[in-house]
Amino acid sequence: RTIYLKDYRPSPYLIETVDLDVALAPENTRVRSRLKVKPNDDPDAPAGPLTLDGEKLELHSVKINGTPINDYTADDQSLTITSPPEGPFEVEIETTCNPQANEALEGLYRSGGIYCTQCEPEGFRRITYFIDRPDVLARYRVRVEADKREAPVLLANGNLVEDGDLDDGRHFAVWEDPFPKPSYLFALVGGNLACVQDSFITKTGRAIDLRIYVEPGKEGRCGWAMESLKTAMRWDEERFGLEYDLDIYMIVAVSDFNMGAMENKGLNVFNDKLILARPDIATDTDYESIEAVIAHEYFHNWTGNRVTCRDWFQLCLKEGLTVFRDQEFTADQRSRPVKRIEDVRLLRARQFSEDAGPLAHPVRPSSFVEINNFYTLTVYEKGGELCRMLHTMLGEDGFQAGMKLYFERHDGQAVTVEDFVAAMADANDRDLSQFMRWYNQAGTPEVVCRFEHDASEKTAKLHVTQVHAPSPGQPEKEPVPIPLRIGLVGPDGEDMPLILKNGSEVPGGLLMVTEREQTFEFADVAHRPIPSLLRGFSAPVKLSSPLDDADLDFLMRHDSDLFNRWQAAQTQAMKRLVAMARGEGEFVPDVREFALAVGPTLTDDWLEPAYRAAFAVPPSELDIAQEIGADVDPTGVHKARRDLRATLGHTLQGDLQRLYEDYAVPGEYQPDPDSVGKRSLRNTALALLAAEETEDGVKRAQTHFKNADNMTDSMAALRILAGLDRPERDEALETFYDRWKDEQLVLDKWFAIQAQSTASDTLDRVERLRRHPAFSIKNPNRVRALIGALAHGNPLHFHSADGRGYEFVGESIMEIDGFNPMIAARLASAFSSWKMLEPGRRAMAQQMLERIAAKEGLSRDTSEVVGKMLG
Ligand code: ARG
Ligand code: ZN
């Protein structure tokens with residue numbers, strides 16, 4: 001059944017308070033719920049019976065105002081009280097559920113003996129009957145009891161108000177959350193957990209009790225997460241003026257979790273891989289992810305929790321905005337240009353392909369079958385880009401004024417994207433009505449630019465056209481407002497002033513494109529400049545630029561906008577990669593020239609090492625495939641990229657060797673941005689030196705592996721060695737396994753590195769790993785490490801010409817769908833670009849999708865995704 005945004009109606013009833021009494025037991029958890037219910041006086045709210053959502057619950061009794069009733073109906077999705085009393089009343093319901101049997105990891109489940117919950121978006125209905133929608137905000141009081149040995153720690157949202165011992169070795173705790181919240185922010189945890197404690201003094205001088213709960217013995221790995229939390233709390237005060245509201249902030253790390261983390265009010269639940277870190281087990285990238293996700297969940301306290309979503313179509317309201325905030329946070333902590341490059345790389349590789357394929361949907365979708373399928377790159381990352389465009393158009397002060405008004409108007413409410421954009425518009429006295437199209441139209445706009453210079457008139461013209469390809473259900477689209485940041489780079493490499501024909505200067509080089517076709521005219525342009533377009537990637541579009549090889553080569557060396565300098569190199573690389581992948585002509589001399597142009601930036605000691613490292617990474621195989629667009633041969637794409645990297649390594653050998661020597665980071669491992677940048681440059685040099693698989697390169701990687709005293713260096717070397725068709729590979733993988741076989745998070749890396757390997761026998765190995773005693777199909781991290789890494793991270797072997805990659809991933813999807821539909825559906829999206837493939841692979845991918853679609857009892861999640869892909 002499809003649900004439509006246009007059908008939204010306010011809830012017939014509201015719930016003011018929830019009193020939960022939860023008696024935890026592995027297979028038979030008893031939940032008593034007392035709800036204060038009242039009819040919704042919103043004139044748009046329909047009248048009628050009281051229907052509560054509930055799934056996988058055993059119902060024992062229903063009382064209204066203290067009296068047991070029988071006039072209700074219950075099925076596997078809901079409980080309907082046919083004739084509730086008029087006016088406010090109390091409903092009491094007793095149910096039981098089975099956390100031990102819950103392998104979907106939604107609702108209440110057990111992970112390594114720890115009881116925990118995941119309620120967003122619709123998991124609360126698996127704990128108790130409720131009006132499980134985000135526009136029903138209630139105050140919660142939660143009593144939890146459990147066997148004291150099994151669960152010495154009992155947590156829920158808010159403040160602890162009471163605890164104590166009971167008979168029979170049981171005990172209890174009562175938690176109260178003073179802030180009304182939607183059910184998706186509910187959380188409850190029980191188990192044997194160790195606690196790491198710290199505190200934070202807010203800008204108004206309040207002391208906040210900070211706690212991270214982990215499996216006992218892992219306390220020593222929480223330091224970075226705790227530091228990150230404090231940094232995030234300070235940053236939100238300084239940059240957004242937002243202070244934490246409760247007196248306690250708790251985070252619990254669990255090892256079975258469908259996603260990254262969850263922002264439950266005052267009680268975040270995290271995938272433990274985003275908490276636990278120590279130099280020997282976590283890479284620089286892990287450290288950065290931990291910092292970013294801790295911040296993301298913390299930032300949700302205002303953007304998501306204090307102001308929440310009216311309905312799930314508005315998911316981007318909290319996710320896009322919070323992604324934008326966490327991106328800005330990271331940019332402020334680390335290198336801003338490098339962060340921008342990383343974000344754009346992800347957007348292009350994953351979101352652009354989503355936007356171009358059968359699963360394309362607007363940032364705010366207008367319909368869905370299963371909301372879990374809409375936690376997508378489009379909602380999160382493109383949603384973040386929309387907030388970034390508003391920020392670009394309004395400036396930091398204007399954007400902050402909009403945020404201030406948004407909170408003034410909507411604190412404590414469940415609102416829509418329109419409400420957010422209205423606050424931005426009203427605070428800045430701007431008309432943003434055209435901007436709403438960005439939220440409602442799917443697909444990546446293409447921006448085609450043409451540039452003309454008239455030397456005698458000393459003028460220049462920039463013609464801009466925006467093109468919108470059709471998306472599923474959206475044949476026609478309207479033009480969107482595009483903030484196009486540009487510069488005109490003079491022959492000396494300096495930016496020329498940007499003067500419009502009327503004599504006014506363009507502030508910040510920011511042009512606003514609002515029409516389908518538009519021309520901008522500039523005055524005082526004596527010499528032909530090179531236009532640097534879409535600086536900082538000021539809009540999520542595909543740019544079709546007028547620049548030739550010589551222009552790009554110039555920008556690659558001189559553009560003052562570091563993003564566009566990187567972009568020029570990417571564009572140059574892409575042209576060659578596409579030609580090579582298509583097997584067009586003689587490429588080597590051309591590629592050598594490109595490599596030579598990379599050299600000056602790579603070795604420029606004035607630039608940050610992290611930036612220089614990013615500069616030398618060519619576009620991903622996914623990017624190249626998309627650029628080709630049709631009849632893609634993933635093997636050809638892979639070979640092209642491999643050859644380009646080998647040429648880079650060969651051509652720049654001397655420079656790379658010097659970088660490798662010079663950028664060794666002495667002393668004890670530190671995750672600070674400076675050391676991270678140096679390691680990144682050095683390991684990039686190492687990888688390029690080994691790209692040709694020369695004896696020398698392999699030896700160097702082996703030595704690097706042996707000498708590594710931290711996981712970053714160790715993984716950098718292992719990634720190289722694991723890709724070889726040589727005995728050095730098995731040697732390294734075995735050494736690594738022997739050392740780390742008892743560390744689950746490191747073991748995930750060991751699985752993933754093999755699943756992503758380009759070595760020729762990767763599929764045999766992956767099949768063997770599937771039967772490895774350490775593999776578990778029930779653990780999402782392990783599934784992502786093996787099956788996900790192959791499906792999403794190894795185009796060469798996933799798209800193996802004999803269909804074995806599809807077979808392996810397809811079979812896994814069908815198996816996983818039987819117990820965890822959400823993970824199955826996410827894996828299935830790996831097939832989403834199947835129509836772009838060459839005919840042989842296309843037919844095999846289609847066959848596999850058809851087999852999945854035909855599977856009996858297929859979940860709503862997977863059938864929606866697969867159905868859309870088959871169209
Ligand atoms: N709100 C969480 C975050 O963005 C993600 C939770 C998604 N969970 C899910 N079952 N889809 O941090
Ligand atoms: Zn989020």
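Colleague: Which residue in β9 does Arg-34 stand opposite?
Modeller: This is a predicted model, in which local features need pLDDT of at least 70 and side-chain atom pairs count only at pLDDT 80 or more, while totals for chains, interfaces and linings use all residues. Residues are numbered from 1 along each chain as its sequence is written, and chains are lettered from A and ligands numbered from 1 in the order in which they are written. Strand β3 (residues 29-39) and strand β9 (residues 89-97) pair in the antiparallel sense over nine bridges, where strands (E, at least two residues) and helices (H or I, at least four) are DSSP runs numbered from the N terminus, and two strands pair if DSSP finds at least two bridges between them. Across this pairing, the residue in β9 that Arg-34 stands opposite is Glu-92.

Colleague: Which residue of β9 is the bridge partner of Ser-61?
Modeller: β9 also runs antiparallel to strand β5 (residues 58-64), to which six bridges join it. Within β9, the bridge partner of Ser-61 is Glu-94.

Colleague: Why is one side of β4 and of β7 left without a neighbour in the sheet?
Modeller: These strands belong to an open sheet of three strands with antiparallel pairing, in the order β4-β8-β7. One side of β4 (50-53) and of β7 (72-74) is left without a neighbour because both stand at the edges, each with a single partner strand.

Colleague: What share of residues 19-185 is strand?
Modeller: UniProt, in an unreviewed entry, lists these residues as "domain: Aminopeptidase N-like N-terminal"; its positions are given in the numbering used here, feature names are shortened, and annotations may be inferred rather than shown by experiment. Over residues 19-185 the end C-alpha atoms are 15 Å apart and the chain is 0% helix, while the share of strand is 53%.

Colleague: Which residue in the hairpin of β17 and β18 takes a positive phi?
Modeller: Eight bridges join strand β17 (residues 194-201) to strand β18 (residues 207-214) in an antiparallel arrangement, with Val-196 opposite Ile-212. The hairpin has five residues between the strands, and a positive phi near 90° is taken by Gly-205.

Colleague: In β19, which residue is the bridge partner of Arg-211?
Modeller: β18 pairs with strand β19 (residues 248-254) in the parallel sense, over five bridges. The bridge partner of Arg-211 in β19 is Met-250.

Colleague: Is Leu-229 buried or exposed?
Modeller: Leu-229 lies in helix α1 (residues 223-240), and, leaving aside neighbours within four places in sequence, it is in contact (C-beta atoms, placed from the backbone, within 7 Å) with Leu-210, Ile-294 and Tyr-298. A residue is buried if 20 or more other C-beta atoms lie within 10 Å of its own, exposed if 12 or fewer, and partly exposed in between, with C-beta atoms placed from the backbone. With 25 C-beta neighbours inside 10 Å, Leu-229 therefore counts as buried.

Colleague: How far does helix α23 reach from its first C-alpha to its last?
Modeller: Among the buried residues of α23 (residues 804-817) are Phe-808, Val-809 and Ile-813, and its buried residues pack against helices including α20 (762-770), α24 (821-828) and α26 (860-870). Ile-813 is in turn touched by Ala-828, which also touches Ile-852, Thr-862, Val-865 and Val-866, not counting residues up to four places away in sequence. The expected span of a helix is 1.5 Å times one less than its number of residues; for the 14 residues of α23 this expectation is 20 Å, and the reach is close to it, at 20 Å.

Colleague: How many of the 18 residues of α15 are buried?
Modeller: Helix α15 (residues 673-690) reaches 25 Å from its first C-alpha to its last, close to the 26 Å expected at 1.5 Å a residue. This helix is mostly covered, and of its 18 residues the number buried is 15.

How values were computed:
Two residues are in contact if their C-beta atoms, placed from the backbone, lie within 7 Å.
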